[in-house]
Amino acid sequence: MSMWNRIRNVFRREALAREIEEELADHRAHGGRVERPLHIAEESRDIRLAPWLDAVASDVVFGWRQLRKNRAVTAAAVVSLALAIGSATSAFRLIDALLLRPLPVANPSDLYVIATEFTDQHTKTKDWDDSSSYPMFREMRDAVKDQAKVMALGYGGNRQDITFGADTDMEKASKQYVSGDVFLIFGLKPALGRLLTPADDLKPGARPVAVISYDYWTRRFGRDPQVIGKTFREGGTVLYEIVGVVQEGFTGTETGSTTDYFVPTMQNARAIEERQWSWFRPWISVPEESRLVVKEKLRAAIANHRKELMRSLPEHFLKSIPNFDKPVVELLPATAGVSGMQRDFRRPLLILGGVILLVLFIACANVANLMTAQAAARAREMALRVSIGAGRWRLIQLVLIESAMVAVLATILGGLFAWWSAPFVAGLINPPDNPVRLVLPADWRVLGFASGLALLVSILFGLTPAWKASSVKPSAALKGGDDPQARRRLMNALVAAQVAFCFLVHLGAGLFVATFDRLSNQPVGFDPSGVLTLDLDVRGREGTWAEWNEVAEAIRARSGVESATIAGWPLMSGNLRSASASVNGLHLHPLPYFLEIAPGWFSTMRIPLIEGRDFRPGERFPNVAIVNETFVTKTFGSGNPVGKSIEIEVPRNKTGRALIVGVARDARYRNLRETIQPTVYVPLESDKAGKSWGSLIVRTNFAKPESLATDLRATVNRTRSDFRVSNTATQLEHVRKHTIRERLLAMLSLFFAVVALILAAVGLYGVLNYSVIQRRREIGIRMALGAQPADVVRKVTQEVFAMLILGAGLGLALGLASERYVETLLFQVKATDLRVLLTPAVTLAVAAIFAALPPTLRAVRIDPAEALRSE
Amino acid sequence: MPKPDSLLGSLDLLVLKLLARRDSTSAQAEGRCARFQGMHGYAIMTAIREMSDEVLDVEEGSLYPALHRMEEAGWLKAEWTVRDNGRRSRVYQITAAGRKQLGHAETRWQAVTAAVNRILKMA
């Protein structure tokens, strides 16, 4: 109570003084004398308030006055720090949301995903496969059932077409398969109704029940309690009944996308007994102490499962995967959920975090330099304070409080910046059709990070000036003869560090921009502009070939459509089929890619045929095939393969003979990075009755083909009412999807490179300007003695430019040393490329010249007579 | 530093005692309508001087800081009262904690003076 009073009194100092004054006046009015009233007042004041806080308060007031006096410097410091702190907080928000934040479940640190090592045959890189088939899941679950719980969790962000009413009112919602005990093990509670239980997950297809997320309940139903018992139809077939809403905050385990409804794994009825169909991630909840034992048991179970599996696999397939029955098994931490987005963006985000940290250091060095220069200007004030009895700690406190005020202002500004920029960056990652939904709360974690950063930063840039200020020697300073060299040495070191970091940031930005540039200018082998793709579903059955052709024909008749054809799926859409093929009994390894296409596909995609001809209407799988150039060079070497035949895989592990009727120019199928793989194009039509899904590929004469989407969608519906367009996209979007990550890295690293450059230039300017002001007299004397302007320029700039070269060298060394951390993200570019190295060097040199120009001119224009007269 | 006064460190004791007495007597005299009775600084000073037959003299330089210190310690509470001429007086009153402190200080004073007197008589 009393302490509180004393703290409160600090902020009513004036009132307190008046009270004491009034009490003494009252004393006089009664007839008393008051001797030494000021002494009494001061003594009473110190008793009635907290003196330490009083000192802080007066420092704050004084500091504020100082900051306002040097508005330009303060603004420069605050803005540069705000930019850095804001970026850092924003990066932290993204990293935290994607990689760190634990799932809102009972025991997140016990959660792992069971993964096996595999080698990608095409890229030859090792990676973890975290998918599983249902039979394998069952075996793993039984193998460790006494020590751990194995769960099946489907891939999230699995967008489905569902309807709550008529089939014409389809809407998108994302589904996740979960085994029956998932909610139980996660310790989740229903917000309404009930959750899924093991009893829901016993027999394939038995219980079509769904639990929806709280988020979906809010978004779609406005938290209507009547939602329980509602039914919806998925993909035109399965009818699900909603039995519950899961508690708020849990939106699935696929970090980066949210799940709208959860259904039992048994609802994927066809997959339950399929040993070769991996369609979910096997999760495990295992306490720390039994992890090693459990891992070994899992390894044995997987090895066993694979031995069984090997009996049914063709020999050439097994040859391509050595040690298939000796798997390397790992438990990958899944505390923060598991997603493809984490896999793709972990490294880019961490790299960006590193870049931002460098920018933060640059900003700190900058502010430290500005403050040091200011402290130098205030040396006399400090000396005066020391002479009248201020202690060293008192001075450190004074300067640190000033830095803290700058940091607090910068943090507030930076916080606003982060508020806006984190969702903005998350928005940039959006692939078409599947929006990224990253939970980005601004909670105590973010707040703690930002304020921790502010504290660290203010100490980082405030401590040196504070220490310097406190060590002032009054006798020397008041005479005006401090040792100026010492201060400049520190500032020069900071400039060198700044330049080094700046060089590093620029080198990185150069690499990422070059990567993006090369990747997006990578020839794709087809002409994507003007092409629209429509994914089609036939409701509950297979559409006959005649019906598919009827739909394609109706599309061709629309105005604006140049040509239209059918394919299994669009190129570069993420879909891929690789299967075995052999020429003269020799199997291709790695397995070639396959794509089903209808006649006219090559002309629609504008892929030239260099030999032979296109498919003709009525030609069927597997009788004929068209191969790409790479296929020819890999198998036949040279020469015309038209008329030769290849053995290709047909359903049920059998083979069929296909006659090569044409050779097509290479076109990109999977992504932009890999070298083009042997590809076999086969006819869409086969001996089967028809097809239940596929894609229409439409070439329009519109620059923006998406404007035709609504019209074509309606045309499909009109032509055959049970053919439904589930998704439309432009071919360009399919291509651009493969450069999203590179574009993000290039854009952000370029942005930070510009920020770093501006900061470094401001820092350089500040230091040079300070040194010119400080050496005014010296320069004046030199000029009076006959120094030429060129001499003065050299004298003023040589020190700083030496630092510049030192810093650039340091940055180069750092850059070459850290290249291997970013290597996997680069494409056809290396840090040792001359152009990549030259760009930051030239940019920095130009920026340095511009920054150095004003202070140098100032030095040259010094009038010796005037400079010598002052002081 | 305040210069040593003639009270030999007994200022706190005297102030507390005065306020304690004043409090109880006035409460008895004026009944329950006495909401807040206390003394202002000048009154305390005068009371000490008069009751000690002008032997003890408190200086303002010691009195006011002492009052403020005891207020901070929670032994006294202060309130502004408006007098007839419109001026305000800061009036002090003893608290429960103050009474407790008074008890300690009084016992100690008695013990010390008794001991000092014994020595003076015996020596």
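Of the 871 residues of chain A, 50% count as buried, where buried means under 20% relative accessible area, exposed over 50% and partly exposed in between (1.4 Å probe, protein chains only). The model is a predicted one, in which local features need pLDDT of at least 70 and side-chain atom pairs count only at pLDDT 80 or more, while totals for chains, interfaces and linings use all residues. Residues are numbered from 1 along each chain as its sequence is written, chains are lettered from A and ligands numbered from 1 in the order in which they are written, and side-chain values use heavy atoms, with hydrogens and water left out.

The C-alpha trace of chain A spans about 115 × 75 × 60 Å along its principal axes. Its secondary structure comprises 26 helices and 27 strands, taken as DSSP runs (helices H or I, at least four residues; strands E, at least two) numbered from the N terminus. With contact meaning heavy atoms within 4.5 Å, 81% of the contacts in chain A between residues at least 6 apart in sequence join residues at least 24 apart.

Beyond its neighbours within four places in sequence, L81(A) touches residues including A363(A), V367(A), V457(A) and F461(A).

We come next to the interface, where 20 residues of chain B meet 22 residues of chain A. The two chains bury about 2,000 Å² between them, 52% of it on carbon and sulfur atoms; this is the accessible area (1.4 Å probe) that two parts lose on being put together, summed over both. Y42(B), E60(B) and E72(B) supply 32% of the area that chain B buries against chain A, more than any other three residues.

One salt bridge is found across this interface, joining the side chains of R88(B) and E22(A) at 3.1 Å, N to O; the rule asks for a side-chain nitrogen of Lys or Arg within 4 Å of a carboxyl oxygen of Asp or Glu. On the side of chain B that touches chain A, α2 (41–51), α3 (60–73) and β3 (88–94) each supply at least two residues, and α3(B) gives the most, with eight residues.
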